[in-house]
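Please keep the sequence and the structure in view while reading.

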Amino acid sequence: MKQIKITLCGMFTIAITLLTFIMFENTANAVEIKSDQGPYVYIPENYFSHKVNDADIQHYQAICDHVQYYLQHPDEVITDPATRNELGATTMSQHIESLYKGRSAYGFATDGSVEVTHSKSKADIVKFIQDRYSDAYSLTMIRMNGGLNINGFNPDGSSTGPIHFTNVTMNSMVKPSDITVYDGTNSPSAHKAITIAFTHWSRIPYFNFRFVDNPAEARIIISGFDKDTKPEQGTEGLFVPLTYCYTEIQGHIYIKPELLHRDWRYASLDHVIMHEMGHALGRVDLYN
Ligand SMILES: [Zn+2]
């Protein structure tokens with residue numbers, strides 16, 4: 001699972017880097033990138049803040065080398081500051097122990113690439129660390145959010161681990177200072193509820209919203225349910241994100257059609273849109 005994601009991420013990143021920095025240089029074109037989940041998404045070129053360069057990869061290559069060494073010497077004190085900082089531990093044993101403890105609290109490894117469930121053993125965790133630190137380029141891309149500008153933002157979960165939605169893991173989101181929203185509900189009530197949600201969530205520094213007319217330009221798309229969509233537990237909406245290198249690049253909010261044409265003051269519509277918008281901004285359900 002993890003290997004596939006990383007390989008995809010790496011492959012498409014090469015394509016994007018070419019597109020961004022050769023073909024589309026000095027143009028206002030959007031860049032088409034393939035999300036970790038498969039679908040392609042257009043991202044404005046100015047949403048990319050840096051390109052991964054050789055020095056970055058060398059930095060993470062050195063960390064990979066150190067990690068592989070310390071896996072063989074788990075109780076030796078890690079002297080390299082970058083590696084210590086990367087692992088958040090002073091020895092490899094300590095790092096393994098912390099992932100081992102974290103697996104039941106969050107159900108996932110803290111770096112978001114693989115599930116470490118209750119049943120995972122320490123040997124599985126060691127294997128996971130070996131894999132994670134075997135490909136410096138992929139690691140660099142993940143740590144640098146695929147070159148996307150995240151305005152220094154990490155969602156709520158970042159202090160305790162990444163955010164998980166079904167099969168999607170998010171560590172951050174692209175350009176929260178400019179969240180483009182497409183309202184595909186065709187419902188004045190829903191539109192009103194969306195503007196109220198904008199006002200609510202804009203109180204948090206980082207977030208600015210604006211409507212766009214084209215869903216391809218939107219970071220958040222809001223619509224009624226597709227025929228096969230099922231609402232999430234406890235509410236009448238659903239949030240489905242797409243990520244790139246674990247960075248949210250687009251999220252789709254689905255609202256039950258029967259809610260859409262009720263007055264926005266009807267608690268459910270207002271509340272469901274607020275709730276799902278919260279997920280789009282990296283908020284988790286409290287019952288998680
Ligand atoms: Zn929810």
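Predicted model: local features only at pLDDT ≥ 70, side-chain atom pairs only at ≥ 80, totals over all residues.

Which residue with a positive phi follows α6? The residue is Asn145, whose phi lies near 55°.

## Overall composition

The protein contains nine helices and 10 strands. Of its 288 residues, 40% are buried. Among contacts with a separation of 6 or more, 65% are accounted for by residues 24 or more positions apart.

Most residues other than glycine have a negative phi. Against that background, two further residues deserve attention. Asn151, which is not a glycine, has a positive phi of about 50°, and it belongs to the loop between α6 and β3 (163-165). Because 17 other C-beta atoms lie within 10 Å of its own, Asn151 is classed as partly exposed.

Tyr246 is not a glycine either, and its phi is positive at about 65°. The loop that holds Tyr246 runs between β9 and β10 (247-255). Is Tyr246 buried or exposed? Tyr246 counts as buried, because it has 23 C-beta neighbours inside 10 Å, where the cut-off for burial is 20 or more.

## The packing of α2 against α6

Two packed helices are described by the angle between their axes and the distance between the axes. For α2 and α6 the angle is about 115° and the axes are 8 Å apart, so the two helices are roughly perpendicular to each other. The crossing of α2 past α6 is right-handed.

On the α2 side the contact is made by Asp56, Ile57, Tyr60, Gln61 and Cys64, and on the α6 side by Ala136, Tyr137, Leu139, Thr140 and Arg143. By class, the residues of this contact divide into six nonpolar, two polar and two charged. The buried residues of α6 are Ser138, Leu139, Thr140, Met141 and Ile142; of these, Leu139 and Thr140 also take part in the contact with α2.

## The packing of α7 against α9

Helix α7 (residues 188-201) and helix α9 (residues 267-280) have axes that come within 9 Å and cross at roughly 50°, which makes α7 oblique to α9. This crossing, too, is right-handed. From α7 the contact draws on Ser189, Ala190, Ala193, Ile194, Ile196, Ala197, His200 and Trp201, while α9 supplies Leu269, Asp270, Ile273, Met274 and Met277. The contact has 10 nonpolar, two polar and one charged residues.

Ala267 is found in α9. Because 9 other C-beta atoms lie within 10 Å, Ala267 is exposed. Ala267 and Ala193 are 74 residues apart in sequence, and their C-alpha atoms are 10.0 Å apart in space; Ala193 is one of the residues by which α7 makes its contact with α9.

## The largest nonpolar core

In soluble globular proteins, nonpolar side chains tend to be buried together. Here the largest nonpolar core has 35 residues, and those with the most contacts inside it are Ile43, Cys64, Val67, Tyr133, Val174 and Ile249. The elements giving two or more residues to this core are β1 (30-34), β2 (40-44), α2 (54-72), α4 (92-106), α5 (122-132), α6 (136-143), β4 (168-170) and β9 (237-244). Its largest share, five residues, comes from α2. Cys64, listed among the core residues with the most contacts, is also one of the α2 residues in the contact with α6.

Asp80 lies in the loop between α2 and α3 (81-87), and it is partly exposed, because 15 other C-beta atoms are within 10 Å. Although Asp80 and His66 are 14 residues apart along the chain, their C-alpha atoms are separated by 7.9 Å.

Lys230 has its place in the loop between β8 (220-224) and β9. How many C-beta neighbours does Lys230 have inside 10 Å? The count is 8, and Lys230 therefore counts as exposed.

Methods
Residues numbered from 1 in each chain as written. Axes fitted to C-alpha atoms, helices over the stretch in contact; angles between N-to-C directions. Helix = DSSP H or I, 4+ residues; strand = E, 2+ residues; numbered from the N terminus. Parallel < 35°, antiparallel > 145°, perpendicular 65-115°, else oblique. Left-handed = near helix turned anticlockwise from the far one by under 90°. Contact = placed C-beta atoms within 7 Å. Nonpolar A, V, L, I, M, F, W, Y, C, P; charged D, E, K, R; others polar. Core = buried A, V, L, I, M, F, W, Y, C linked by C-beta atoms within 7 Å. Buried ≥ 20, exposed ≤ 12 C-beta atoms within 10 Å, placed from the backbone.
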